[in-house]
Structures are given as structure tokens and as C-alpha cells.
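Look over the sequence and the structure below.

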Amino acid sequence: MTMPSGSRRTATVLAALALAGTAAAGCAAGDSTSSGTSLHAAAAWTSSANGDCRRSGTPDDDWDDWDSWGPGMMGRDDCSWGPGMMGGHYWLPGDGSPVETLDQARQRAEAFADLLGLRVGEVMQFSKNFYAELETLEGRPATEILVDPADGDTGIEYGPAMMWNTGYGMHHRGRDQTRVSPGQAQDRAQEWLRRRGSDLIVGAAEAYPGYYTLHTLRSGKVSGMLSVNASTGTVWDHTWHGRYIATSEN
């Protein structure tokens, strides 16, 4: 039987966690967010010297290929899952039951958010996964997560939420050096699309710690997402969602 793509990806990540668990255990003691929860600390990235993770030779603003940075790249010098820095990555395993509706996805997201002292905002359904925004109790954007529709596994979204989020990502102890305004992020994302011949329009920039996320729109309807680094202006396309289906507001 062929495993669904979402489950294969989840299995890859969980395999990486298993490999990383023993060596990483010593580092977890220094991560205050990991204490007293049932979340599984995920493997960190072994990153290149510039602190990002991409295939050698990939332009700084061309983050549009899962294979250029995703798990399963053990042994690469520039990008691999591996033991070491814990960096605040977490994973909440599902119970194996499929997640088929926005309400079910919100329940999974709420279980994850509770463990981080956060609340769930917008939840979106795509053909490959469910996406949810997590907010502080005061309503400020905190991070982004994914729910696997195959089995309910829930975790910090790969991509910008892992690599750029200065509050809940790999570099969560770093300073948030915001040099790009929301308007500049929107302009940067629109220019990125224009250079690639896309007719998509970007929506408003939502500020997360260290970066912005923007919906992409076609004829006023959601198509996908882009993120823009708040320090460097680098654009990262969320290519892993698939086709947009529906949204549940908070």
C-alpha cells in the first residue's frame, strides 16, 4: 500500500527526531519551553554559516523547493536534520485518526497551543495539510503550525516558522532585528512574484517574531502564502500546502 505524501513527510520528520533524540537530550535542559510539557522536542537544523538552510547555489530569495531544505537530507553540509541545538521546535503526535474538517483541525491546534500557553487564531484547510495561526493571549501573532490530515500529527510549520521565528523557532533566543516594515514586506513579496511572471497579488503582511506572512490572492481569493524575513527581506514561498480549500476564523 502506498503511504500518503503527508504521512511520508511526517514519517521522515519523526525518523529524524528519533535519530536526534539521544544526542539532543543534553541540550533540552537549557530550553525552558520544553520543561513540563508532553510535547516532543524536535530535531534542530544543522545550518550553513549564514544561519539559513538551503541547497548550495540557491539564490537568497528563491525558497520555493521542499527538496532544497527539507528533512531527509542527512549528511548535507548546508542543510540537514540532526542533533544539537533544540531551538524550541516541538511536535505533538496525533492519535492516528484522520483530520477531515476545520473543526477537527482546530481541536488539534488548540491541544498544541495550550501546551505553549498560546491560543488559536485562523485555521486554513489545504489539499495537503491544515494550517493554523497561533497567537499570544493578548492576540499578537506568535507562530504558525501544521496539522497532518492523515493522522493528526501537529507541529511548528517548517519553513519560516522554524527558521526565522525569533520567539518560537530555531533562533528563538536571538534578537528580533526588524529592518523591513509591513509595507516594505508587501512590496518585496509582490516584486518577488512579478519577477516570476505570476499574476498573484499579495495581501497584508502579518507580523510574526522575525518575519511576516502574507496570503497570495487570485481574483480576490486565497491562493497560498509567502513569508518575508523582517531583517533581510528574503522571501520564502509556502510551497507545501497544496490547493487552498477553506478558512475558519477565530
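A residue is called buried when its relative accessible area is under 20%, exposed when that value is over 50%, and partly exposed in between. The model shown here is predicted.

The chain as a whole comes first. Its fold has 4 helices and 14 strands. Of its 250 residues, 48% count as buried. Its accessible surface comes to about 11300 Å², and carbon and sulfur atoms hold 50% of that area. Among contacts with a separation of 6 or more, 59% are between residues 24 or more positions apart.

Next come the aromatic rings. The chain has 4 aromatic pairs. In one of them, Phe126 and Tyr244 have ring centres 5.8 Å apart and planes at 70°; angles over 60 degrees count as edge-to-face, so this pair does too. The two residues are 118 positions apart and link distant parts of the chain: Phe126 belongs to strand E5 (residues 119-126), Tyr244 to strand E14 (residues 244-248). Phe126 has a relative accessible area of 3% and is therefore buried. Tyr244 reaches 22%, so this residue counts as partly exposed.

Tyr158 and Trp240 make another edge-to-face pair, because their planes stand at 75° with the ring centres 5.5 Å apart. Tyr158 sits in the loop between strand E8 (154-156) and helix H3 (160-163), and Trp240 in the loop between strands E13 (235-237) and E14, so the pair ties together parts 82 residues apart in sequence. Tyr158 is buried at 10% relative accessibility, and Trp240 is buried at 2%.

Conventions: Residues numbered from 1 in each chain as written. Predicted model: local features only at pLDDT ≥ 70, side-chain atom pairs only at ≥ 80, totals over all residues. Heavy atoms only, no water. Phe/Tyr/Trp six-rings, centres within 6.5 Å; stacked < 30°, edge-to-face > 60°. Buried < 20%, exposed > 50% of the residue type's maximum accessible area, 1.4 Å probe, protein only. Contact = heavy atoms within 4.5 Å. Areas by Shrake-Rupley, 256 points an atom, 1.4 Å probe, with all protein chains shown as cover.
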